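Here is a structure to question.

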Amino acid sequence: MSDIADASVLRASGLRKEYGKGAGMVRAVDGVDLDVAGGETVAVMGPSGCGKSTLLHLLGGLDRPSDGEVWLAGRRIDRIGEKALARMRRTAVGFVFQAFHLMDELTAVENVELSALLAGRSPRTARRRAVDLLERVGLADRAGFLPSALSGGQRQRVAIARALSNEPTVVLADEPTGNLDSAATLEVLRLFESLHEAGQTLLIVTHDSRIAATADRLISMRDGAFVDETRLTGGTSGQLGALAGLEG
Amino acid sequence: MRQEVVLALLAKEPSHGYDLRARLREALGPLGEDMNPGQVYVTLTRLERSGLVESERSTGLADRPDRKLYALTAEGQQRVAGWLAEVSWPKPDLAEFHLKLVAAAAAGLADPLTIVDTQRRELLRRLREAQRAAMAEPNGSDAALLLEGIVLRLQADLRWLEECERNWNRRGSGS
């Protein structure tokens, strides 16, 4: 593609999404500019209703903006046709949702291979890749299990394996630990960390400060707009002991 | 760290200072690494002086010099029992931060929202550090549980900062 101009793999400018008309109009996303570089983990954090899920839908091509541009993998997607958009969603984006959205009647490995099959891979290739991915998320021994036989944390790891199935440019996660207890949250965070180390670009929207704190860059969102941005990488304070009440 | 912690560790069996240090480090994980290595020995000496522990010299192994083996005295045992039954909890100093915002706003010296933002960034950095340490611990380790406590407290503080922001935002906009 000739129009890949820079290192950013996901970019939005002047993004707006409005629902309703006149006095009842709601601006769910109200003028967002965003630039995510390849390999970066970005968290967008805000209270429920701040527009972060809508934003994620716009960025992943699940919904179209009222105004503004979305560029994904070097291609502008906000105006392309339905078929082309569906193709971008299948190939360039991996989605992870709070409620997992696994098919209950399919086993873990069948859930993971499904998106590769839909993208036109051969059954043999799709299966081999699905098995590899389940191994990567630490669930090789659960490949033949139905979702109902897995814990919440395991289901979310299957969903993450599925999101990786087509080697997406970016993984978009919407409140990925919202349904998990703290041990399962830790499992998912460890997995995201290993994806990050492998160079996967990741955008997470959440109200959970715990996930947000693991990102490279944290954006605060309120009333449809970005209000603050913090880079969290860099030196550590070495204050953990003090936080637990231990003096030096 | 209170003397009673070292005292209570001795309740299991008479031990060398070295063993107590090892047990502390295991329970504290990465937090134990910051501990002053001499602290246990200093504490044991103080405890012995106040009659809560007693020591005898044990014969050294080939690769180690002679070491003192410490044991609780009857008084020490009583102190441990009292400490275990005691109800205490650290007091976070929320009032100071709250009054900082109140005073800054009243005097027009600083924007309370800027103070909240700065504080939030600092807490997020600490949360990141605690979270990373927790991710590096094996599931179910004693140290992981302690780190989880730090993470949860920081999350609670961050939630309170959200409330502070909402409150001062509203006042600032005059509604």
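Q: Which residues of strand 3 of chain A point one way, and which the other way?
A: This is a predicted model. Thr41(A), Ala43(A) and Met45(A) point one way from strand 3 of chain A. Val42(A) and Val44(A) point the other way. All are buried.

Q: Why is strand 3 of chain A called largely enclosed by the rest of the structure?
A: A residue is buried if 20 or more other C-beta atoms lie within 10 Å of its own. Five of the five residues of strand 3 (residues 41–45) of chain A are buried, so strand 3 is largely enclosed by the rest of the structure.

Q: What makes strand 3 and strand 8 of chain A a pair?
A: Two strands pair if DSSP finds at least two bridges between them. Five bridges join strand 3 of chain A to strand 8 (residues 201–206) of chain A, so they pair. The two run parallel. Thr41(A) stands opposite Leu202(A) in strand 8 of chain A.

Q: How many bridges join strand 3 of chain A to strand 9 of chain A?
A: Four bridges join strand 3 of chain A to strand 9 (residues 217–222) of chain A. These strands also run parallel. Val44(A) has Ile219(A) as its bridge partner in strand 9 of chain A.

Q: In what order do the four strands of the open sheet of chain A stand?
A: The order is 2-1-4-5 in chain A, and the pairing is antiparallel.

Q: Why do strand 2 and strand 5 of chain A stand at the edges?
A: Strand 2 (26–37) and strand 5 (75–76) of chain A each have a single partner strand, so one side of each is left without a neighbour in the sheet.

Q: What makes strand 4 and strand 5 of chain A a pair?
A: The cut-off is at least two bridges. Two bridges join strand 4 (residues 67–72) of chain A to strand 5 of chain A, so they pair. Leu72(A) stands opposite Arg75(A) in strand 5 of chain A.

Q: How many helices and strands does chain A have?
A: Chain A has eight helices and ten strands.

Q: Why is chain A called as compact as a globular protein of that length?
A: The radius of gyration of chain A is 19 Å. The globule rule gives 18 Å for 248 residues, and the value is close to that, so chain A is as compact as a globular protein of that length. Of its 248 residues, 43% count as buried.

Q: Which elements of chain A each supply at least two residues of the side that touches chain B?
A: 24 residues of chain A are in contact with 27 residues of chain B. Helix 6 (182–197), helix 7 (209–212), strand 10 (225–231) and helix 8 (240–243) of chain A each supply at least two residues of that side. The largest share, six residues, comes from helix 6 of chain A.

Methods. Residues numbered from 1 in each chain as written. Chains lettered and ligands numbered in written order. Predicted model: local features only at pLDDT ≥ 70, side-chain atom pairs only at ≥ 80, totals over all residues. Rg over C-alpha atoms; globule rule 2.2 N^0.38 Å. Buried ≥ 20, exposed ≤ 12 C-beta atoms within 10 Å, placed from the backbone. Contact = placed C-beta atoms within 7 Å.
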